[in-house]
Amino acid sequence: MDDGGTESRAAVMAGPCGRWPIEKGEGIRHVLDRAGDKWTVLVIGTLEHGPVRYTDLQRSIPGISQRMLTHTLRQLQRDGLVTRSAYPEVPPRVEYALTDLGVTLLGAVTVLIDWAGTHHDEICVNRARFDETASVS
């Protein structure tokens, strides 16, 4: 008698990670956690046209705190998606830019941002409709 384990594994293998060996699953989830994070998406998108100073990055991303921007940039550096260049000037100048690896993520990020912008109003209407019917139930 099958305990469901084989069937469960088959379902996972047919999913979006199905083309990758099962032992890579956790690593793929970690990468997706980073790449799919809202601040990562916005930072990568902001760096599309070249190096940007820290303060200009912060101004370009509404709602991001200094702490969250610093954390996001460090994680992106750690993953090899962004470089940090410090210049010995007064006042000090620090710029961030996409690496070659970061540029490969840019296409997906741009598509996602454009999709969100295109469908934002429709999603807001759907949320309001859902919330209205959920509160009645």
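Below are legends for a handful of close-up views of this predicted model.

Local features are shown at pLDDT of at least 70 and side-chain atom pairs at pLDDT 80 or more, while totals for chains, interfaces and linings take in all residues. Numbering starts from 1 along each chain as its sequence is written, and side-chain values use heavy atoms, with hydrogens and water left out.

**View 1**
Helices (H or I, at least four residues) and strands (E, at least two) are DSSP runs, numbered from the N terminus. Strand β3 covers residues 93-98, and six of the six are buried, so the strand is largely enclosed by the rest of the structure. Here, buried means under 20% relative accessible area, exposed over 50%, and partly exposed in between (1.4 Å probe, protein chains only). One side carries Arg 93, Glu 95 and Ala 97, the other Val 94, Tyr 96 and Leu 98, and both faces are covered. Two strands pair if DSSP finds at least two bridges between them. Strand β2 (residues 82-87) runs antiparallel to β3, joined by six bridges, with Tyr 87 partnering Arg 93. A five-residue hairpin takes β2 into β3. Strand β1 (residues 52-53) also pairs with β3 in the antiparallel sense, over two bridges; Arg 53 has Glu 95 as its bridge partner.

A salt bridge is a side-chain nitrogen of Lys or Arg within 4 Å of a carboxyl oxygen of Asp or Glu, and the structure holds four of them. In this one, Arg 93 meets Glu 89 at 3.0 Å, N to O. Shared partners join Glu 89, Arg 93 and Glu 95 into one network. Arg 93 is buried at 19% relative accessibility, whereas Glu 89 is partly exposed at 36%.

**View 1. A link from helix α2 to a loop.**
The side chains of Arg 34 and Asp 79 form a salt bridge at 2.8 Å, N to O. Arg 34 sits in helix α2 (residues 25-35) and Asp 79 in the loop between α5 (66-78) and β2, so the pair ties together parts 45 residues apart in sequence. Asp 79 is partly exposed, at 32% relative accessible area.

Arg 59 and Asp 56 pair up with their closest N and O atoms 3.0 Å apart. Both lie in α4 (residues 54-60), three residues apart, or about one turn of the helix. Arg 59 is exposed at 64% relative accessibility, while Asp 56 is partly exposed at 31%.

**View 2. The largest pocket.**
On a 1 Å grid over the protein atoms alone, a pocket is an open set of points where a 1.4 Å probe fits, with protein on both sides within 12 Å along at least five of seven lines; lining residues have an atom within 4 Å of a point. This pocket has a volume of about 200 Å³, taken as the space filled by probe spheres set on the points, which are joined across faces, edges and corners. Its lining includes Arg 34, Asp 79, Leu 101 and Leu 105. Helices α2 and α6 (100-136) are the elements that each give two or more residues, and α2 gives the most, with five.

**View 3. The second largest pocket.**
About 160 Å³ of space lies here. Among the lining residues are Gly 36, Lys 38, Leu 42 and Ile 113.
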